[in-house]
Amino acid sequence: MEAEKRTHTAPEEISDRDLSEQIKAVTKESHIRAENTEMMRSYQRGQVTLAQYKLLLCSLHHIYQALEEELDRNCDHPAVAPIYFPAELARLAAIQKDLEHFYGADWKEKMVVPAATKRYAHRLRQIGAENPEFLVAHAYTRYLGDLSGGQVLGRITQKSLGLRSRDGLAFFSFPGVSSPNLFKQLYRGRMNAIELTEEEKNGMLEEAVRAFELNIRVFDELQAMLSVCQSDGELGTFKLTNGDPRLAATLHTPSGLLRIVLGLCVALATLGMGIYAF
């Protein structure tokens, strides 16, 4: 709540800047906090396993499915249309290709989606229905982050997993973008030219902060899972000391818990990498 309250005064202090610069300014503190999480550093050190990367793909699929379906549905909205580049940026088909590569043809039945990822996707659905202009904040942070860090993250992932080819790494590839730097300039220019009322602009800045905070809350939820789950000597017996039903809902099975705990440390860090690199 504290971070969200700060955004109410920030727009007035930077109102003379372009929208993209205003977003960078109001998210600066959240950006720094996110970059300094242990999870972010773990991925940068190249500590990723195949199981962890597969879980990453599950989370990416859930988020991008919500984002891109809402962008498609609102593609004619005056705020969304200028930054709508499905041929160049859409990630869902690439993620599905990667999931099929690692999980097989029945990948949909094998997916594990953490509760915090579902909450982020729910927010995307909500604003798509109620405030489509806010989708611009999420699209900007996600897509430009992916373009900024995609090549580096792709190489880290390939090396960490010992992959001999780029099969399974389609998410990091943007065949429709010949020059990421030039495309990002185009994207920012289109976004900065969107006509918004003062209220809409302030709401969009708040939404950009919320995008960061949703991811940080995912990190916090993982840490909470690690701290409140106490083993009684058997993998199948855990005690939720805070009584949070959302945490209980994620602990479907011992194997499911282990996959989430082990996988999210890297998977969620990489999700953050996409946002924080723009």
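Helix α10 (residues 115-130) has 16 residues, and at 1.5 Å a residue it should span 22 Å, which agrees with the 22 Å between its end C-alpha atoms; the expected span is 1.5 Å times one less than the number of residues. Helices here are DSSP runs of H or I with at least four residues, strands are runs of E with at least two, and both are numbered from the N terminus. The model is predicted, with local features needing pLDDT of at least 70 and side-chain atom pairs counting only at pLDDT 80 or more, while totals for chains, interfaces and linings use all residues. Residues are numbered from 1 along each chain as its sequence is written, and side-chain values use heavy atoms, leaving out hydrogens and water.

Helix α11 (residues 135-161) packs with helix α12 (residues 180-192) at an angle of about 170 degrees, their axes 10 Å apart; axes are lines fitted to C-alpha atoms over the stretch in contact, and angles run from 0 to 180 degrees between N-to-C directions. The pair is therefore roughly antiparallel, a term for angles over 145 degrees. In contact (heavy atoms within 4.5 Å) are V136, A139, Y140, Y143, L144, L147 and S148 of α11 with P180, F183, K184, Y187, R188 and M191 of α12.

How values were computed:
Angles under 35 degrees count as roughly parallel, over 145 as roughly antiparallel, 65 to 115 as roughly perpendicular and the rest as oblique.
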